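Hi there,

Here is the model I promised to pass on.

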Amino acid sequence: MLTSSSTKRDFLAVEDRPHDEIEALLRLAARVKAGEIRGGLEGRILAMVFLDPSLRTRTSFEAGMYLHGGTALTIEPGKGSWPFETARGIVMDGDRVEHAIEAAGVLGRYADFVALRAFPRGTSWGEARGDALLRIFADHCEAPIVNLESARRHPCQELGDLQTLRERIDAPAGRRFALTWAWHPKALPTAVPVSAALAAARCGMELVIARPAGFDLDPEDMDTIRALATERGGTVAVVDQLDEAVRGADVVYAKSWGALAHFGDPASESALRAPLRDWRITKRAMEATRGGAGIFLHCLPVRRNVEVDDAVLDGPWSAVIDQAENRLHAQRALLLTLAAETPGALKVRTNR
Amino acid sequence: MLTSSSTKRDFLAVEDRPHDEIEALLRLAARVKAGEIRGGLEGRILAMVFLDPSLRTRTSFEAGMYLHGGTALTIEPGKGSWPFETARGIVMDGDRVEHAIEAAGVLGRYADFVALRAFPRGTSWGEARGDALLRIFADHCEAPIVNLESARRHPCQELGDLQTLRERIDAPAGRRFALTWAWHPKALPTAVPVSAALAAARCGMELVIARPAGFDLDPEDMDTIRALATERGGTVAVVDQLDEAVRGADVVYAKSWGALAHFGDPASESALRAPLRDWRITKRAMEATRGGAGIFLHCLPVRRNVEVDDAVLDGPWSAVIDQAENRLHAQRALLLTLAAETPGALKVRTNR
Amino acid sequence: MLTSSSTKRDFLAVEDRPHDEIEALLRLAARVKAGEIRGGLEGRILAMVFLDPSLRTRTSFEAGMYLHGGTALTIEPGKGSWPFETARGIVMDGDRVEHAIEAAGVLGRYADFVALRAFPRGTSWGEARGDALLRIFADHCEAPIVNLESARRHPCQELGDLQTLRERIDAPAGRRFALTWAWHPKALPTAVPVSAALAAARCGMELVIARPAGFDLDPEDMDTIRALATERGGTVAVVDQLDEAVRGADVVYAKSWGALAHFGDPASESALRAPLRDWRITKRAMEATRGGAGIFLHCLPVRRNVEVDDAVLDGPWSAVIDQAENRLHAQRALLLTLAAETPGALKVRTNR
């Protein structure tokens, strides 16, 4: 085992850290955004591994490292790099030329932080929800791991969303946060809706999740959301109607996701989703928010006139660009926090 | 609308700026090349979006940002990032998961400058010449946009070519610049020949464009070239014979391009081009230049022994490597100029 | 010819430099690893061209440039950049839009060092072993060329391996180094085994190469290995049995490679390789090393339970992560050495 788990702190899920640490991180994010923090990442390297596409995540982390004196490296296994095996004990005589165990070990020697994006993979949700690749990186990489979206969580999105909620909603506790499922031509992962719900729960909001029958989130994740809401003085409701959720809401957070019971069976999942194209945020929905002044959030990328109408994205409700910008600032605060927790690896390292 | 167009200055075409600003930029480029300018881009980020391949453009901008203290991010939509939709009002239920409106908006928050390469796209030249994606970026990105080659212009190539002409030709006004069409197995875009012609026109040169029947440049672009030539004291002629253009020329600039009337109809365009393989710059052509000492220019990449013979590229006439090097220096001057016009975005930005 | 070969020193093979220079470089690598060297690459740019995949090479060079104040650019011809032609005198009317001559010339103007990875290509070993692309870059690029693995050598791996041997083996002269062929589903290049053997030879070790009949390395490369071993006081033996090589060894270096006589004929090569799956390093093999305490090395990526068993990689013998880390430090020393030999190109360059 290469892991020295006693001395590193991964960032796999926001709720892995105590609430006061997250509060401190968000206060730092606000200062970062205000331009009050310079430097802090000099000589530091972030290695990012992307098994799935990214626009915001990659560019905002690259920008964030640079703005504080560090740098970011990007690896795309299977595109310019070697594809990774994740199974334990396997005889690797197929297409995959490198095991994630070695990739994680090596990157932990080249970088101060190693970040990984790996969407759910496998033939069943039971398999995918285990986040095998992320676990291998956490176990076999000496550097702290940052989760850039796994099957279960998108904690960097969650940090940015927390920053946006704090900026936009005075005293968010008790205010209504509508997380609304939306139709989409593909079965998307559930990490973002779970993380968005966790952000609302952390703010002590009245969280209402609207989703069609068959599109419940993972039960263990729902338990985590409910526990955090209770701890923070908020509530969680699950409803069947989009209209019911958005009525009087302060925040409408739209997101599509696939039916977990049909994970790995695209044909039956698609049939379940097919009649649900009306699950779309319209101007009328936003006019039904509190005073018609609720804000519209989405993690992006968003399909216009599929998940949400042009009239909403181009109207006064949309905060999606501010929300995306906050990815940058919240992640800068995260990186500064991780750097403060991690002694500069490479420059003081001698042979073991 | 996210655009604050009153405070940003895009760089979509060289002729959008007054002549004295271009003169100042070229004087700065000469000083940059001489090693007289250090720094100037500290804390600055350039985000580059490539929908089409690049060697020189990407590496020279990355090098240029670094050499003055900044950094560059590269995004390739559809390869590691999400492909962009550009149609307005469309129901996005097809293959494209992100609209350029959001991509432009977000990148404008992460970067100080956003650059875009998008070759002509569409089923007709009438559609392609509108440069839809570039227009969306100009409209929806808060940061200045740099055109890295669109359907209509390659202004960074034009700046580099201007620098090369000033270095190589004493008093270029009145000297002969032969822009010669060349055969190529594919129908290439017209942005480079238009920009090369504009560079010659700006220098007040005797511009002679040699192209076969059916290969005229866009009429509006020709009007722009002629107007600039007149303003700068030069002339423009269009001829049918390569030999006629190169005779006595000081500069031979070879470039292939497709027949615009057949844009979107490769079979008929290819049939028109097929008999024209003799349109190629030979040693004999270069010996026919003024005193046999004309210089050979090409934007690169160039197909050896198809557009131009080995004897020319490996002979005393070729200036193509110097020309490519000047991309770097002219762009450094452009970035320094844009930085001087643009307050440091990220570090002083507070929530809107 | 663009090359000013009198003033640049390429790094194509370790043995191209005198032994005392390599000794000095390895002493510098140890100081780099100990954190004693800061800076030294300020304002310097490394351009890396990858025709084949990479994880360690790309990220370790990017990290190395950054850690000393420089930066690295990565180009992947055919993926986001133009594919290169390498044939001389060819009429380029096929798929390749740029000749390597121009690519090398241009990159030499943008970067202080140009590095290239190009695995063997061609229909015969006689063709592939010429390393045509690397030769073009050496001839046509004004900047020093670094070989990131060609058909014949992987000199950066060799430097890292030398550093690992010096760290792990007190007084390596006369100690036993077993280079053992391993089965693999594909016919891999021979650059790494040749470079590993050269590292052992340079250390004056007792080098034993175990390979099945038909899997001899290139005869000229074997001559180079033997000459270096003789010069450094070591020995070279070639045996048919893996067990014989590892018995009493201090180092077991496993690597698969293809049968050169069948290069370009995958079917016959594969038939030769098929019955050889037992060529795999097991726990039993490591227990047969000197005192059962030999170290296991591999350049990575490695196929678990194909080239080597989990029990070895996860056991006390494996030094593969340390070995990969040394790529970083040895290359930092190489870059610092090249920088000291090369005047800062871009900033003092004026027009030629």
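Before the sheet, a word on strands: helices (H or I, at least four residues) and strands (E, at least two) are DSSP runs, numbered from the N terminus, and two strands pair if DSSP finds at least two bridges between them. This is a predicted model, in which local features need pLDDT of at least 70 and side-chain atom pairs count only at pLDDT 80 or more, while totals for chains, interfaces and linings use all residues. Residues are numbered from 1 along each chain as its sequence is written, and chains are lettered from A and ligands numbered from 1 in the order in which they are written.

**A sheet in chain C**

Val114(C) stands opposite Ile145(C), a residue of strand 6 of chain C. Strand 5 (residues 113-117) and strand 6 of chain C run in the parallel sense and share three bridges. They belong to an open sheet of four strands in chain C, ordered 2-1-5-6 with parallel pairing. Its edges are strand 2 (71-75) and strand 6 (145-147) of chain C, each of which pairs on one side only. On average, and with direction ignored, neighbouring strands of this sheet are turned by 25° against each other. (Axes are lines fitted to C-alpha atoms, for helices over the stretch in contact, and angles run from 0 to 180 degrees between N-to-C directions.)

Helix 5 (residues 132-140) of chain C packs on this sheet and touches strand 5 and strand 6 of chain C. The direction of helix 5 makes about 170° with that of strand 5 of chain C. Contact here means that the C-beta atoms of two residues, placed from the backbone, lie within 7 Å.

**Where the chains meet**

Which elements give two or more residues to the side of chain B that touches chain C? To start with the totals, 32 residues of chain B are in contact with 32 residues of chain C. The elements in question are helix 2 (56-67) and helix 13 (320-341) of chain B. Helix 2 of chain B gives the most, with seven residues. By class, this side of chain B has 16 nonpolar, five polar and eleven charged residues. (Ala, Val, Leu, Ile, Met, Phe, Trp, Tyr, Cys and Pro count as nonpolar, Asp, Glu, Lys and Arg as charged, and the others, Gly among them, as polar.)

Turning to the next pair, 32 residues of chain C are in contact with 32 residues of chain A. On the side of chain C that touches chain A, helix 2 (56-67) and helix 13 (320-341) of chain C are the elements that give two or more residues.

As for symmetry, a rotation of 120° with 0.0 Å of shift along its axis superposes chain B on chain C, at an RMSD of 0.0 Å. That is the relation of a three-fold axis. The superposition is by least squares on the C-alpha atoms of residues with pLDDT of at least 70 in both copies. Lys79(B) is the residue of chain B that comes closest to the rotation axis, its C-alpha being at 5.2 Å.

**Two helix pairs**

In chain C, the axes of helix 2 and helix 13 come within 9 Å and cross at roughly 50°. Helix 2 and helix 13 of chain C are therefore oblique to each other. (Angles under 35 degrees count as roughly parallel, over 145 as roughly antiparallel, 65 to 115 as roughly perpendicular and the rest as oblique.) Their crossing is right-handed. (A crossing is left-handed if the near helix is turned anticlockwise from the far one by less than a right angle, and right-handed if clockwise.) Among the residues in this contact are Phe61(C) and Met65(C) of helix 2 and Leu328(C) and Leu335(C) of helix 13 of chain C. The contact has seven nonpolar, three polar and three charged residues.

In chain B, helix 7 (residues 191-202) and helix 8 (residues 219-231) have axes that come within 8 Å and cross at roughly 15°. That makes helix 7 roughly parallel to helix 8 of chain B. Helix 7 of chain B passes helix 8 of chain B in a right-handed crossing. Val194(B), Leu198(B) and Ala201(B) are among the residues of helix 7 that meet helix 8 of chain B, whose side includes Ile225(B) and Leu228(B).

**Backbone points to check**

Most residues other than glycine have a negative phi, and most peptide bonds are trans. Asp131(A) has a positive phi of about 50° although it is not a glycine. The peptide bond from Leu300(A) to Pro301(A) is cis, with omega near 0°.

Best wishes
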